[in-house]
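Subject: Structure handover

Hello,

Here is the structure you are taking over. Please look through it first; my notes on what was found follow below.

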There are 2 protein chains.
Amino acid sequence: MPIVSAENLRRFISEVFVARGMAPANAQVMADSLVWANLRGVDSHGVVRLQRYLEMIDEGLMNVVPAIRIETRAESALSIHADKAPGAVAMRLAADHLLKPAQTQGVAMALVSAMTHTGALGYYTSRLAEAGLASIAMSASVPLMPYHGAAIASLGTNPLSLAVPVGDESRPLVLDMASSVVSLGKLIQARRNGTSLEPGWFVDADGNPTTDAARAKMPLPFAGAKGSGLSLMIECFTSVLSGYSILSEALQQHSEPSPHRQSGMIIAIHVPTFIDLKSFYMEVQRLSKLIKTLPRVRGVDCLLLPGERGYLCMTERQVNGIPLPSSVCDELNSIGTKLNVVGL
Amino acid sequence: MPIVSAENLRRFISEVFVARGMAPANAQVMADSLVWANLRGVDSHGVVRLQRYLEMIDEGLMNVVPAIRIETRAESALSIHADKAPGAVAMRLAADHLLKPAQTQGVAMALVSAMTHTGALGYYTSRLAEAGLASIAMSASVPLMPYHGAAIASLGTNPLSLAVPVGDESRPLVLDMASSVVSLGKLIQARRNGTSLEPGWFVDADGNPTTDAARAKMPLPFAGAKGSGLSLMIECFTSVLSGYSILSEALQQHSEPSPHRQSGMIIAIHVPTFIDLKSFYMEVQRLSKLIKTLPRVRGVDCLLLPGERGYLCMTERQVNGIPLPSSVCDELNSIGTKLNVVGL
């Protein structure tokens, strides 16, 4: 597999978006967020998305020069209309705009509506953790999985992320979980490798359980009613609260909402409002150590903290580079050629 | 099974706590929260707890005359030291104190430390929904389930609750989910009925999977690393953030923390800060209807919204009364006799 350095990959992605008319600062955000996902081993949310993002620009679904409206609705509350900006641009803007109100008010919240593809949610909560803030984020999208007991796709795999800083800015505790039991990536992988799926992961087009990757269509919500309920609540806390319902529009189909329109929400918490930052770091580190050294069940080599797998991958890939499948590498280079951007 | 009216049960519980020295207003909160759980069909969190609560008072674990300290740390941030107050008293106080700052600041947050048994978390988010607010709540307790891959109890079954108002104050959308795949109640039930447990629900004392109710000891986190990570993050967002670590103390065992000390956190969101309340209600109702009328998989009679099962049970029990097992009824009446409180 070709190996590409994070730096080179960032340079390339940024230049591609600039070539497509995006402001350099926003193009850098796009590059940083996509390459972050690759560094963390979440390749499904990384540069493999570039081709589709460019198509979305062509189709008018993603706006390279969005007129983002940031409204301060109250001392601790922001409402951001993204005007089809890529999620990375809109959500990072939201995270950055929360720093000040969180600091003065203790807690602050931003809603983001009408953005295009949120990207890896952990990117935004990790960013806030780097700045010393605890945060909760969620995002909502179009239906991909069935509501618990339903036969058709009726919920997004809406993720929830929680992160806290630990004093080492590169390795916060960060949970980033979809409300589906596994991601669609597992299905793509099983199809590619000709393997079976585990029971309870997927259902077919009629909502019947299947382990056959060829017949599987929709991932199931985790823990049945729990993942299902969480996904629905996230739609209420993001899309409905910001006045841009995604799910109702998609289920009712009387209008034609953008299939890629997404909503998000971030709550940032200023740790020193509640506890001295150093004490907080010490306690989270003590807890982390205690968890890491727990006795393990047979067959388990190592207990991983939330976000640790991604951190370990990032540490390795920052040194050794990011492996990209040849097909992805070729696709990126062909995009580069068309746009007069120096390839990888 | 004896049937008791909610009113009579509230009267009884309240009088018992007053007889034990609690202020009448707090005793009424205790009665309201316990009977709420019974009305909603969550009998495990209802009046069955009374005997243990009274023991906890005797053992100095629960304080009937707590000196609760409410500190305003910032415009949107409260920190509440509960001084071993029962969770119902401390968490309801937190919810009520969030109304005003949420209204003026858009969002507000309260941490609650050093309380004794949180009770049903949905009680507090439902209460905020009744007042027209959206909310997120979480609470942390001592280890009951293994961290993903660990062989010993190392995490609380820490619940997360999200609720939004829908315009009918008695039936908000309210999700209240433990981070375990099922509650300990399922184990108690299986033992009582002599039935097996479902695979993936419980492990034995050594952390090995079992469906044998006699050998089962700990519930597993839902979806493995997801429930496990969520529980750990909740400990960080509640106990650690408030400076009263529960998990580290329990795992380190170099001090002797109260086995019943719990922490909680509530974030209240003022809906009209973001969207006109009527529009919000209309949209949540539209979404609810669309979910309810989705095509169902074979064998499913009805799709339930988050909190709907509890609402339906409450509607029925408010009219027909609350069925209490004879053993529970006898236990309560014997408590009443000892304290000169008129029985049920």
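The place to begin is the interface, where 81 residues of chain B are in contact with 81 residues of chain A. Please keep in mind that this is a predicted model.

Interface

Between chain B and chain A an area of about 6500 Å² is buried, and carbon and sulfur atoms give 76% of that area. The rule finds 2 salt bridges across the interface of chain B and chain A. In one salt bridge, Arg286(B) is joined to Glu249(A), with the closest N and O atoms 2.6 Å apart. Polar contacts were also counted: 23 residue pairs across the interface of chain B and chain A are in polar contact, both residues being at pLDDT 80 or more.

Which element gives the largest share of the side of chain B that touches chain A? That is helix H7 of chain B, residues 225-240, with 10 residues. Sorted by class, the side of chain B that touches chain A consists of 54 nonpolar, 18 polar and 9 charged residues.

Symmetry

Chain B is superposed on chain A by a rotation of 180° with 0.0 Å of shift along the axis, and the RMSD is 0.0 Å. The two copies are therefore related as by a two-fold rotation axis. The same surface serves both copies, since 100% of the contact residues of chain B recur in chain A. Among the residues of chain B, Ala223(B) comes closest to the rotation axis, its C-alpha lying at 3.3 Å.

Sheets

In chain B there is an open sheet of 3 strands in the order E11-E10-E12, and the pairing is antiparallel. Its edge strands are E11 (209-210) and E12 (218-219) of chain B, each of which pairs on one side only. Strand E10 of chain B, residues 202-203, pairs with E11(B) in the antiparallel sense over 2 bridges. Within this pairing, Val203(B) has Pro209(B) in E11(B) as its bridge partner.

Chain A also holds an open sheet of 3 strands, with the order E11-E10-E12 and antiparallel pairing. Why is one side of strand E11 and of strand E12 of chain A left without a neighbour in the sheet? Strands E11 (209-210) and E12 (218-219) of chain A stand at the edges, and each has a single partner strand. Strand E10 of chain A (residues 202-203) and E11(A) run antiparallel and are joined by 2 bridges. Here Phe202(A) stands opposite Thr210(A) in E11(A).

Regards

Methods:
Residues are numbered from 1 along each chain as its sequence is written. Chains are lettered from A and ligands numbered from 1 in the order in which they are written. This is a predicted model: local features need pLDDT of at least 70, side-chain atom pairs count only at pLDDT 80 or more; totals for chains, interfaces and linings use all residues. Side-chain values use heavy atoms; hydrogens and water are left out. Two strands pair if DSSP finds at least two bridges between them. Helices (H or I, at least four residues) and strands (E, at least two) are DSSP runs, numbered from the N terminus. Contact means heavy atoms within 4.5 Å. Buried area is the accessible area (1.4 Å probe) that two parts lose on being put together, summed over both. A salt bridge is a side-chain nitrogen of Lys or Arg within 4 Å of a carboxyl oxygen of Asp or Glu. A polar contact is a pair of N or O atoms within 3.5 Å; within protein, one must be able to donate a hydrogen and the other to accept it, and residues adjacent in sequence count only if both atoms are side-chain atoms. Ala, Val, Leu, Ile, Met, Phe, Trp, Tyr, Cys and Pro count as nonpolar, Asp, Glu, Lys and Arg as charged, and the others, Gly among them, as polar. Copies are superposed by least squares on the C-alpha atoms of residues with pLDDT of at least 70 in both.
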